[in-house]
Each structure stands twice: as structure tokens, then as C-alpha cells.
Amino acid sequence: MTSESAPFYSNTPNPATRFHPESVHVILNPKSGRGDGRQNADRLKSLLAESASILGPPIETEVHVTTSASESTELARSLATDPKRIVAAAGGDGTLHQVVRGMVGGVSPLGIIPLGTGNDFVRTVGIPQDLKLAVQTLFNGVLQPLDIGTVNGLPFINVARSGFDAVVAERVNRGFRYLKGAAAYNAGILSTLFRFKPSNVKIIIDDQVWEGRAMLCSVANAQYYGGGMRIAPNAQIDDGLLDLVILKETGLLEFLLAFPRVFKGTHIDHPKITILQGRNIRVVTDPPQPIFVDGEVIGKTPAEYSIIPAALQVVTPDKTANPGQ
């Protein structure tokens with residue numbers, strides 16, 4: 001069966017829960033944001049102490065500066081054992097991925113302090129990119145259930161992709177050292193576009209099959225990637241579903257004319273875009289394509305995706321207290 005749309009599962013998002021931590025432990029990547037993590041380490045410690053002192057009973061705060069991805073993951077795993085302790089990732093989407101990998105299966109809420117080049121996941125959940133406001137959110141925020149995706153058994157929090165955008169993301173990681181966010185991603189697109197060739201793709205999503213030639217296949221738990229591109233505008237982090245975005249084979253001029261629409265999420269109405277939703281997805285490409293997940297390449301297709309509903313809780317701003325956020 002070939003289909004342009006998968007069944008829509010109508011899940012009511014779980015309500016957020018007010019939360020006051022007894023301790024906040026921050027895992028800081030000093031290399032995030034082209035060095036922003038290292039530059040903000042002292043200010044981060046000061047802001048944590050300041051916010052902790054305002055709430056009355058003493059709240060333990062600590063910043064752990066890590067030196068490798070594996071250290072961040074193992075530290076997160078060792079810390080995620082107390083339901084009253086926030087374990088926060090301070091860095092970019094790559095750091096967040098590493099921390100989440102260690103926290104899955106634990107009981108501590110996840111906090112996020114965006115210090116990276118893209119900071120895409122926080123755009124979905126509304127965490128401020130201002131450092132002081134992000135720290136304050138850890139102490140006066142609410143807990144929101146958070147689904148976790150998996151690809152070939154590896155957890156991911158934001159968007160996993162294969163095809164053109166994965167090649168672009170890999171290129172951005174290797175170069176454009178002095179660019180950040182969308183500027184770096186745009187440079188990666190221009191350096192990749194003239195060399196990239198679409199693949200033959202077969203996708204099995206729950207009980208449906210899609211086949212054709214495609215430029216990219218993005219599997220999204222959240223909405224944004226690439227420094228602010230709203231690739232999956234209907235994705236929700238607590239609906240128990242993954243959103244699959246397929247860009248069919250397209251010409252160079254058509255791609256360039258349609259590309260700006262992705263920043264507002266209006267690309268989903270383009271005739272070369274197919275959106276599917278499901279809980280289990282298998283993507284096979286010929287030839288194999290790199291799989292790029294939350295800031296890193298983790299292998300090549302074929303890719304097996306699934307969703308773990310409400311695997312964690314994430315601290316987000318309390319919009320009832322700050323309705324303007």
C-alpha cells in the first residue's frame with residue numbers, strides 16, 4: 001500500500017506539573033557554541049547560585065564541566081537517580097543528546113540551558129535562549145512529559161534524518177567554524193546542493209508503505225533543526241508519535257525557490273513534501289545514506305525508528321505565570 005498520509009492518532013497532551021527542585025546539577029560542554037560554553041561557565045555558576053537563593057530553602061547547585069561525549073552521558077546516568085534533582089544539559093543540541101542518552105531509564109527531570117550554535121530543541125518547548133532566563137526556568141518552571149525517539153536502538157530527542165539534510169549537517173560539523181545557526185546551515189546547503197543525488201527510498205511506517213525517489217527523510221520528535229528551520233511544524237514532544245517528513249526528488253531551481261519556506265514551516269503544503277505520522281518507521285535507501293541524529297552521524301541507512309512515550313520529564317517555562325512567553 002502506498003499512501004500520502006498515515007493515520008492521525010489523536011492524543012491529548014499531558015498537563016504540565018509545577019516543580020520545585022531540591023538540587024540542580026548542570027552538565028556543561030565547554031566547547032559548545034564555538035566556545036560559548038567555556039566563556040559562560042563562571043556566569044552560569046553565579047546565576048545558578050542567585051536563582052537558588054531566592055526560593056527560600058537552600059537548593060544545591062553544581063556545574064560539572066565535561067571533556068567528552070561519553071563523560072557527559074555517564075555523568076547524566078549517575079545523576080538521574082533522584083526525582084527531586086534536575087539534571088540539566090548546558091550546551092547545544094549535541095550536548096543535549098549526550099545527556100538524554102544517559103538519562104533515559106532514570107527518574108530525574110531534564111533541564112536545558114542553551115549554549116550551542118543551533119539550540120533547536122528549545123525552540124519547540126519555549127525555553128529562553130537568554131542565559132539568565134533559561135537558568136531561572138530551572139527553578140520556577142513546570143514539568144512536561146517528553147517522548148524519546150530511538151534510531152537503531154540509540155535514543156534521540158529532536159530530529160533524526162537521512163539524505164540531503166544529513167549530508168549538509170555533517171558538512172556543517174566539519175567546517176564553517178566561524179558561522180553559527182542558520183548561517184552555518186545555509187553555507188552547508190550551498191556546498192552540498194550541486195553534488196547531491198537523490199536516493200531510491202522505501203519506508204514502512206506502522207502498517208503503510210511509501211516508495212519513491214527522495215532528497216531527504218527527516219524523522220522528528222520536535223519541530224526544529226538547522227538553526228531555526230521548522231521542518232516538522234506539527235510535531236509534539238508528548239503525543240506518542242514520530243513525524244516523518246519526506247522531500248521527493250526535485251530540481252535545483254525548484255528546491256532553491258521553496259527552501260526559504262522551511263523557516264516558517266509553510267513548506268509542508270508544497271507538492272513535493274509528504275508528511276506521515278507513526279510509532280514505528282523503517283527507512284531503507286539505495287545507496288545507503290548517513291543518519292544524522294541530534295548533532296552527530298551515527299551510521300548509515302537502513303534505519304529503524306520507534307518512540308518511547310513519556311520517557312522523561314523536561315522542565316519548561318510556566319506559561320500560566322508568564323502568559324507572554
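Buried here means under 20% relative accessible area, exposed means over 50%, and partly exposed falls in between (1.4 Å probe, protein chains only). Everything below comes from a predicted model, in which local features need pLDDT of at least 70 and side-chain atom pairs count only at pLDDT 80 or more, while totals for chains, interfaces and linings use all residues. Residues are numbered from 1 along each chain as its sequence is written, and side-chain values use heavy atoms, with hydrogens and water left out.

**View 1. Strand E5 is mostly covered.** Helices (H or I, at least four residues) and strands (E, at least two) are DSSP runs, numbered from the N terminus.

**View 2. Strands E4 and E5 run parallel.** Two strands pair if DSSP finds at least two bridges between them; here 5 bridges join E4 (residues 85–91) to E5. Look for Ala-88, which stands opposite Gly-111. From E4 the chain passes through helix H4 (residues 93–103) to E5, a right-handed β-α-β crossover. Right-handed means that, with the strands pointing away from the viewer, the path from the first strand over the helix to the second runs clockwise.

**View 3. Helix H4 is mostly covered.** Of its 11 residues, 9 are buried, among them Leu-96, Val-99, Val-100 and Met-103. After H4 comes Gly-105, with a positive phi near 100 degrees.

**View 4. Arg-101 forms a salt bridge with Glu-296.** A salt bridge is a side-chain nitrogen of Lys or Arg within 4 Å of a carboxyl oxygen of Asp or Glu. The closest N and O atoms of Arg-101 and Glu-296 are 2.9 Å apart. Arg-101 belongs to H4 and Glu-296 to strand E15 (residues 296–300), so this pair ties together parts 195 residues apart in sequence. Arg-101 is partly exposed at 26% relative accessibility, and Glu-296 is partly exposed at 25%.

View 5. An α-helix has 3.6 residues a turn, so residues three or four places apart point the same way. Glu-74 is partly exposed at 46% relative accessibility, as is Arg-77 at 40%.
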